[in-house]
Amino acid sequence: MKSYFRPEIDAMAGYVPGEQPKMADLVKLNTNENPFSPSPEVEKTLKNFDCARLRRYPDPMADSFRDAVASFWGVKRSNVIAGNGSDDLLTMIFRAFTSPNLPVAVLDPSYSLYPELAAMQNAPVIKIKLAEKTFDLPGDILAQAEKANLLMIVRPNAPTGTLFPKETVRNICEKFDGIVVIDEAYADFAADNCIDFAQEFENVIVIRTFSKSYAMAGIRLGYGIACENIIAGLMKLKDSYNIDMLAQALGEAAFRDHAYFTARRNEVIQMRTYLAEELAKRGFYVPESESNFLFVSPPDGDGKKLFEELRKRAVIVRYFSAPATEAYLRITIGNPQENARLLSAIDEIYS
Ligand SMILES: *Cc1c(COP(=O)(O)O)cnc(C)c1O
């Protein structure tokens with residue numbers, strides 16, 4: 001059949017999200033969801049929501065939600081844009097800053113959605129390889145990224161979990177002649193973050209999501225922080241009503257309950273330390289993770305085999321088949337029962 005698609009769309013494979021299998025008694029550690037429920041404040045807001053309100057459109061600018069974000073980080077409303085998940089913000093960013101003449105630089109390995117977004121724009125992708133084992137940034141990153149108009153940095157990085165030194169990232173923001181996006185999907189689990197760079201530099205956008213640390217992947221909510229100019233430009237590109245009414249209300253509710261958020265976040269970090277130690281005891285290579293997952297290599301270096309063996313035991317993790325990642329699995333930190341199931345499956349597989 002004749003294709004009516006643009007050639008670059010025909011050429012795309014399309015992003016493959018982590019699977020959401022319907023197996024019984026499943027231990028799902030493949031998409032970095034939170035093992036806990038959202039805050040009771042979120043539940044209360046949902047239960048009290050007046051259904052009749054749904055006949056109206058939501059606030060197109062999500063002002064009340066943006067005010068909550070702005071006051072949380074000490075910035076102005078005009079420095080904040082809301083997204084239908086941070087993937088929505090990434091779509092706006094790629095539309096805004098990439099084209100056949102405006103390449104994007106991405107790290108390798110990093111978030112596998114970026115090259116797909118570039119393909120939609122027919123924009124060239126410059127892949128910047130991270131060091132083996134340590135997954136550090138290369139010293140010549142600025143030279144490698146020189147022709148790009150957009151540079152994507154995930155911090156802490158996914159799927160590696162590693163945290164690039166903040167001073168290195170500052171230097172990149174200062175010297176790179178283009179937009180630097182710092183994707184902080186996992187920054188709540190890390191020792192520090194780069195929100196301040198979004199205020200310090202005119203070319204920096206920091207993006208956040210409620211999907212991981214706020215345990216609200218199902219609601220689809222994220223936000224970006226940048227200087228007023230950049231936010232105003234991105235507003236031109238967004239869908240008119242990109243954040244539904246419930247997401248706006250529930251996001252604000254989640255922000256109100258900072259105590260719950262901090263307590264659950266700290267529990268995830270504790271379990272991360274525990275799981276990292278247990279896997280290291282079993283001979284796994286476990287790079288230091290500052291996120292809610294571990295990127296680990298089993299003693300025999302066969303990521304695919306372990307992925308398949310775990311799957312037979314209804315433990316689902318994430319495997320990326322590229323050469324730089326095939327010795328590894330990315331394992332989300334689960335609740336204590338899930339982590340125990342993971343470890344006993346591993347013991348059985350290697351016994
Ligand atoms: C999960 C994730 C996102 C997407 O978050 P959503 O808000 O669920 O769209 C963005 N970037 C990275 C690096 C992620 O891991």
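Author: Start with Tyr186. One of its polar side-chain atoms lies 2.6 Å from an oxygen atom of the ligand. That is a polar contact, meaning a pair of N or O atoms within 3.5 Å. This is a predicted model, where local features need pLDDT of at least 70, side-chain atom pairs count only at pLDDT 80 or more, and totals for chains, interfaces and linings use all residues. Residues are numbered from 1 along each chain as its sequence is written, and side-chain values use heavy atoms, with hydrogens and water left out.

Arg220 also reaches the ligand. A polar atom of its side chain is 2.8 Å from a ligand oxygen. Asp87 uses its backbone instead: a polar atom there is 3.0 Å from an oxygen of the ligand. The protein covers 92% of the 380 Å² of accessible area that the ligand has on its own. Such areas come from the Shrake-Rupley method with a 1.4 Å probe.

Now the backbone. Most peptide bonds are trans, and most residues other than glycine have a negative phi. The bond from Asp108 to Pro109 is cis, with omega near 5 degrees. Pro109 sits in the loop between β3 (104–108) and α5 (113–121). Helices (H or I, at least four residues) and strands (E, at least two) are DSSP runs, numbered from the N terminus. The bond from Ala158 to Pro159 is cis as well, with omega near 5 degrees. Pro159 is in the loop between β5 (150–154) and α7 (166–175). Asn32 is not a glycine, but its phi is positive, near 60 degrees. Its loop runs between β1 (27–28) and α2.

Last, follow α2 itself. The axes of α2 (residues 40–47) and α10 (residues 245–256) come within 8 Å and cross at roughly 145 degrees. Axes are lines fitted to C-alpha atoms, for helices over the stretch in contact, and angles run from 0 to 180 degrees between N-to-C directions. In contact (heavy atoms within 4.5 Å) are residues including Val42 and Leu46 of α2 and Leu250 of α10.

Notes. Polar contact = N/O pair within 3.5 Å; in protein donor to acceptor, adjacent residues only side chain to side chain.
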